[in-house]
Amino acid sequence: MKLSSKNLLGIKDLSREDIQLILSTASQFKEVLQRPVKKVPSLRDVTIVNLFYENSTRTRFSFELAERRLSADVLNFAAGTSSAAKGETLLDTVNNILSMKVDMVVMRHSATGAPHFLAQHIPAAIVNAGDGINEHPTQALLDAYSMQEKTGRLEGLKVAIIGDIMHSRVALSNIYLLTKMGAEITIAGPPTLIPKYLQEAFNVNVTYNVKEALQWCDVANVLRIQLERQNQPLFSSLREYNLAYGIKRSLLDSIDKDIVIMHPGPINRGVELDSDVADGPYSIILNQVENGVAVRMAVLYLLSPQSANS
Amino acid sequence: MKSILTKNQIKLTVKRLAHQILENHLNLENTVLIGIQPRGIFLSDRIVDELKNLIPSDKILYGRLDITFYRDDIREELKLANATKIPFSTAGKNIVIIDDVLWTGRTIRSALDALIDFGRPQKVELCVLIDRRFSRELPIQADYVGRAIDTFPSQKVYVRWQENHGGDEVILE
């Protein structure tokens, strides 16, 4: 009983069975997190380094908590305060860390494919915590877990992914995952933020009308406008984006059904999501964060090193 | 292949184990029952059904424990985890752990570690259907035993239930 891959580089590489195994294991870890002692000894002989070449609050804390609650030893690396600032290469940094007997690497990097590059050169298991505009697999897994927990299914579930699709690794990982699990997907947002090939490549619906997407879906996963990745203007102003594509209370009131609202965080309040929606009764944003720890525990547990004779 | 317990014998043994537990824990006062996932559950379900004939069912606190994350052989093989459901506090309680076969004692070692994480119990006891005595790798013994048997390490004990094999029997191979 293990995953078909020794690393978690992207949802693209996972089978449907892998995804089901991760989600079912996560639900057992979620129970662990309700206990008086929220900790199990499973990874007490494992050392994990969190290599963050890009800023993060939620993901880094979530991984670190997951690691500690599995009893792993944890090293934290932030590019800004390390020898990377002196010009050390990624591979040199990682090989130096691994020579101190580190078993697993959790990595976030602004370059697409950085963990895939690393996987070709090091023996340790790698978990991608976000690479450029490519994938953010554990976010998609926790999103799927939260959708399943809230609605009871993934198969046949109608999910709208709304916002900055072009620059979002969350969007790509979600599309891979939901497609594999038999959910239906509609992508919505401004034409400048939706890649052209998407519809043909993934068999998803695309609309530029957010209300239409909301009316259709059971779950709306609203994504952050990634201004830090946009090096040219792709819409006129944040205020206009909010007026045309932002999710507001009045918009939700105007459709004739209840839908679940999700957001991977950090939220640009008043841009892609208004506060009364983010904090409203249909939002499961904080449940997503809670589930993130259990899902990451499942991933780390399932990828933890096995002795050579097995 | 040798039969250890037949369907009727299992029925009688389950009745006896339920009575013995009640004998030591009158009305299950301050006592809870914990079945070990996955296969101990079949026995603990039967014992709980039997106890419901003997005392009011609201006196029975019954939970299920999965010990996968506490195993000492995780680095050799990952096992599929099952659901743990203990919807009450075990702190200060007498716990009766229920499992189908006691062999090396390693599962029970893991269960003891896991149970401590739910709060410090007053006392922990062990109830098993089959005790493969003289095969222990840890200093663990059962308080309530259905049938004690002598086996070689190469032999296998199969405890089969109506729920998973279409009939109740215990056999040695």
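Colleague: What radius of gyration does chain A have, with its 310 residues?
Modeller: The radius is taken over C-alpha atoms, and the globule rule is 2.2 Å times the number of residues to the power 0.38. For a compact globule of 310 residues that comes out near 19 Å. Chain A agrees with the rule, at 19 Å.

Colleague: What kind of model is this?
Modeller: Residues are numbered from 1 along each chain as its sequence is written, chains are lettered from A and ligands numbered from 1 in the order in which they are written, and side-chain values use heavy atoms, with hydrogens and water left out. Local features need pLDDT of at least 70, side-chain atom pairs count only at pLDDT 80 or more, and totals for chains, interfaces and linings use all residues: this is a predicted model.

Colleague: How many helices and strands are there in chain A?
Modeller: Both are DSSP runs numbered from the N terminus: helices are H or I with at least four residues, strands are E with at least two. The C-alpha atoms fill a box of roughly 60 × 45 × 35 Å along the principal axes. Within chain A there are 12 helices and nine strands.

Colleague: Which percentage of the residues in chain A is buried?
Modeller: Buried means under 20% relative accessible area, exposed over 50%, and partly exposed in between (1.4 Å probe, protein chains only). Contact means heavy atoms within 4.5 Å. Among contacts between residues at least 6 apart in sequence, 74% join residues at least 24 apart. Of the 310 residues in chain A, the buried part is 58%.

Colleague: Is A:Val222 buried or exposed?
Modeller: A:Val222 sits in strand β8 (residues 219-222). Beyond four places in sequence, its contacts include A:Ile162, A:Ile247, A:Ile261, A:Met262 and A:Leu273. Its relative accessibility is 1%, so A:Val222 counts as buried.

Colleague: How far is A:Val222 from A:Arg249 in space, C-alpha to C-alpha?
Modeller: In sequence, A:Val222 and A:Arg249 are 27 residues apart. In space, the C-alpha distance is 14 Å.

Colleague: How many salt bridges are there over all chains?
Modeller: A salt bridge needs a side-chain nitrogen of Lys or Arg within 4 Å of a carboxyl oxygen of Asp or Glu. One example is in chain B, where B:Glu77 and B:Lys79 meet at 3.6 Å, N to O. B:Glu77 is partly exposed at 41%, and B:Lys79 is partly exposed at 29%. Over all chains the count is 24.

Colleague: Which residue forms a salt bridge with A:Glu155?
Modeller: The N to O distance is 3.0 Å. The pair links distant parts of the chain, 139 residues apart: A:Glu155 lies in the loop between α5 (137-151) and β5 (158-162), its partner in helix α1. A:Glu155 is partly exposed at 48%.

Colleague: Which residues are linked with A:Arg60 in a network of salt bridges?
Modeller: A:Arg60 and A:Glu64 lie in helix α2 (residues 58-69), four residues apart, about one turn of the helix. Their closest N and O atoms are 3.5 Å apart. A:Arg60 is partly exposed at 23%, whereas A:Glu64 is buried at 12%. The network links A:Arg60 with A:Glu64 and A:Arg68.

Colleague: What area is buried between chain A and chain B?
Modeller: The size of an interface is often given as the accessible area lost when the parts come together. Here that loss is taken with a 1.4 Å probe and summed over both parts. The contact takes 24 residues from chain A and 17 from chain B. Carbon and sulfur atoms give 54% of the buried area, which is about 1,900 Å².

Colleague: Which residue of chain A forms a salt bridge with B:Arg75?
Modeller: Across the interface the rule finds one salt bridge. The closest N and O atoms are 3.1 Å apart, and the partner of B:Arg75 is A:Asp45.

Colleague: Which residues of chain B are in contact with A:Gln28?
Modeller: A:Gln28 is found in helix α1. At 13% relative accessibility, A:Gln28 counts as buried. Leaving aside neighbours within four places in sequence, its contacts are B:Phe69, B:Ala81, B:Asn82, B:Ala83 and B:Thr84.

Definitions and conventions: Buried area = accessible area lost by both parts, 1.4 Å probe.
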